[in-house]
Amino acid sequence: MSRLSSKSWLNDLMNIHFRIAWFRVVAFAFMWVMLTEGSVNSWLVGAPIVLVATLISMVLVSPFSCSVIHSVRFVPFFIWNSLRGGANVAWCALNPKIPIAPGLIDFPLRLPPGISRVFMANTVSLLPGTLSVNLGKNHLKVHVLDTRKNVLSELMTLEKIVAKMFNISLHDGKGDECNENIL
Amino acid sequence: MTLINVLSSILLFTGGAFFLAGTLGLLRFPDVYTRLHALTKADNVGLGMVVAGLAVQAQSWVIVGKLLLIWAFVMLASATTSHLIARRALQRGIKPWKR
């Protein structure tokens, strides 16, 4: 009985991996269709590339869960903040006085290691006034263009949104303690 | 049709202005970190505007998808590259400029 249950557990694991691999094949194939504008001949090159891309992605990026609703909600948030960030930096560049007061801050991460942290680090660089410099063990070092503004609360908001996207629940309390529990 | 052309031109010109501002920031800002700010953010918005300006003129949905995909890939590449440059600069001990 116990042998049977352990085997079905293994089957489940294999099934999950196959499902994710299939999902990624479809996603990469979709990208190929977009990039080649639906050309049929291009599949001679496209099919092997989609397969290789899927294999590489399965090795490099371990399976993660992602909420569709929160991913869709992320898009307007991202576009609006990108616009703000672009306008802000353009204004600083055009202003004769260059009104910036840059500095480095350490942001204690509550997200677990993995894809969600990488996603957060990349997004930080595109949002207003922040640039991710170093992704440490449980801190994200962020370069801030204007330290007079309250960047920390904006980073906290972003972290919450990213956590929802990847179906992660952030524990409340001190960031440091929390991260040590996760690691 | 002309309305679409007008909208497209406005978006393309605004995009160009953002690229110009980003380049100006690259030249005027004091250190490597602030210059990366100017490049990543202004160019992201600039390219987004250019993509939007071309997308409203596109003949089919596949081309809109292709343009959006290009935008997404360029954003991913620029965010990753700027992170790597900033990290290397910090590792080499380049201190951020302070007012």
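Predicted model: local features only at pLDDT ≥ 70, side-chain atom pairs only at ≥ 80, totals over all residues.
**Salt bridges to look up**

- In chain A, the side chains of A:Glu154 and A:Arg84 form a salt bridge, 3.4 Å from N to O.
- A:Glu154 sits in helix 5 (residues 151–165) of chain A and A:Arg84 in helix 3 of chain A, so this pair ties together parts that are 70 residues apart in sequence. Helices here are DSSP runs (H or I, at least four residues), numbered from the N terminus.
- Between chain B and chain A the count is one salt bridge: B:Lys66 pairs with A:Glu37, and their closest N and O atoms are 2.9 Å apart.

**Where the chains meet**

- On chain B, 39 residues are in contact with 43 residues of chain A, contact meaning heavy atoms within 4.5 Å.
- About 3,300 Å² is buried between the two chains, with carbon and sulfur atoms giving 72% of it. Buried area is the accessible area (1.4 Å probe) that two parts lose on being put together, summed over both.
- B:Arg28, B:His37 and B:Lys41 supply 18% of the area that chain B buries against chain A, more than any other three residues.

**The largest pocket**

- The largest pocket holds about 2,000 Å³ of space. On a 1 Å grid over the protein atoms alone, a pocket is an open set of points where a 1.4 Å probe fits, with protein on both sides within 12 Å along at least five of seven lines; lining residues have an atom within 4 Å of a point. The volume is the space filled by probe spheres set on the points.
- Of its 40 lining residues, A:Met31, A:Phe64, A:Phe119, B:Ala72 and B:Leu76 are the closest to the centre.
- Helix 3 of chain B gives the most to this lining, with 10 residues.

Technical notes: Residues numbered from 1 in each chain as written. Chains lettered and ligands numbered in written order. Heavy atoms only, no water. Salt bridge = Lys/Arg side-chain N within 4 Å of Asp/Glu carboxyl O. Helix = DSSP H or I, 4+ residues; strand = E, 2+ residues; numbered from the N terminus.
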